[in-house]
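Dear colleague,

Please find below the structure that I am handing over to you. My notes on what was found in it follow directly after.

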Amino acid sequence: MEAAGLEWLLVPMQQLVSWGAAGAMVFGGVVPYIPQYRDIRRTQNAEGFSTYVCLVLLVANILRILFWFGRRFESPLLWQSIIMIITMLLMLKLCTEVRVSNELNIKRRSFADFDLNYFWHWSKFTDYVQCVLTFTGVTSYITYLWLDSSVFVETLGFLAVFTEAMLGVPQLYRNYQNRSTEGMSVKMVLMWTSGDTFKTLYFIWNQAPFQFSICGLLQVFVDIAILLQAYLYSYYPQKPVSHTTHPASTKAL
């Protein structure tokens with residue numbers, strides 16, 4: 001009788017925990033970008049945010065959605081990709097509007113120019129949308145043709161999560177180049193580390209495709225390496241280099 005009563009209590013609790021974890025997976029990835037979005041709107045200055053972050057995350061999440069058609073995984077991970085794509089498009093829209101309004105150069109660049117020198121530096125948000133739609137169309141067609149190939153599907157999944165896992169590497173290299181973490185938010189890196197750790201444990205616990213777990217661990221290692229840089233360069237200052245600019249993080253700032 002007592003065991004039955006405990007089971008009646010534990011089952012709803014487990015369900016609530018499961019829902020909470022799924023919700024954290026779906027929306028947790030976009031949380032670091034909310035204060036950045038508000039800051040850009042407030043200051044009307046987007047120089048501290050690299051739009052290449054949007055490019056990488058758009059590519060990674062589009063590939064992840066295509067991977068889902070070849071190998072079904074947890075629904076929260078699929079919704080996470082959809083939410084992240086919407087978030088990155090909103091970030092791109094704001095950054096483009098702010099940058100264009102502050103530009104003195106009246107020369108406008110567009111996706112239709114096909115000028116690699118100005119790739120991802122266009123003057124209108126619609127150009128970014130055209131590029132994303134073109135990429136989505138081409139990759140969708142290729143995926144449709146090769147969907148029956150398990151090697152292609154597994155490679156697609158690996159490319160999706162590996163691309164996202166590499167987001168912290170430019171910051172790691174920049175810190176090493178500058179011998180400093182000045183201009184980088186340590187709190188933000190701690191948010192990456194906690195979020196990536198939770199995400200990786202979620203992958204393992206829910207037996208997500210192995211690509212997710214491996215690249216999740218890689219993300220955690222990169223985050224830890226950046227935290228070690230912050231510690232070493234703070235307590236053991238290195239010889240300053242000639243270039244002193246320290247742009248904000250390319251992963252979440």
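**Aromatic pairs**

The count of aromatic pairs in this predicted model comes to 15. One of them joins F67 and F73: the ring centres are 5.9 Å apart and the planes meet at 25 degrees, and because planes under 30 degrees apart count as stacked, this pair is a stacked one. F67 counts as buried, since its relative accessibility is 0%. F73 also counts as buried, with a relative accessibility of 9%. W146 and F152 form a tilted pair, with 6.4 Å from centre to centre and 35 degrees between the planes.

**Overall architecture**

The protein chain has nine helices and zero strands. Its pattern along the sequence accordingly reads α-α-α-α-α-α-α-α-α. Of the 253 residues in the protein chain, 40% are buried. When contacts between residues at least 6 apart in sequence are considered, 78% of them join residues at least 24 apart. The accessible surface of the protein chain is about 15,000 Å², and carbon and sulfur atoms account for 67% of this surface.

**Cysteines**

How many disulfides does a search of the whole structure find? The search returns zero. C95 is buried, with a relative accessible area of 1%. C131 is likewise buried, at a relative accessible area of 11%.

**A lysine in helix 8**

K199 belongs to helix 8, which covers residues 186-205. Is K199 buried or exposed? Its relative accessibility is 7%, so K199 counts as buried, the limit being under 20%. Leaving aside residues up to four places away in sequence, K199 touches M25, Q80, E164 and Q219.

**A nonpolar surface patch**

Which residues make the nonpolar surface patch of about 860 Å²? The patch is formed by L217, F221, I224, L228, Y231, L232, Y235 and Y236. One of these residues, L228, lies in helix 9, which comprises residues 210-235.

With kind regards

Methods:
Residues numbered from 1 in each chain as written. Predicted model: local features only at pLDDT ≥ 70, side-chain atom pairs only at ≥ 80, totals over all residues. Heavy atoms only, no water. Helix = DSSP H or I, 4+ residues; strand = E, 2+ residues; numbered from the N terminus. Buried < 20%, exposed > 50% of the residue type's maximum accessible area, 1.4 Å probe, protein only. Contact = heavy atoms within 4.5 Å. Disulfide = S-S within 2.5 Å. Patch = residues over 30% accessible without salt bridge, like charges linked within 9 Å, V, L, I, M, F, W, Y side chains within 5 Å. Areas by Shrake-Rupley, 256 points an atom, 1.4 Å probe, with all protein chains shown as cover. Salt bridge = Lys/Arg side-chain N within 4 Å of Asp/Glu carboxyl O. Phe/Tyr/Trp six-rings, centres within 6.5 Å; stacked < 30°, edge-to-face > 60°.
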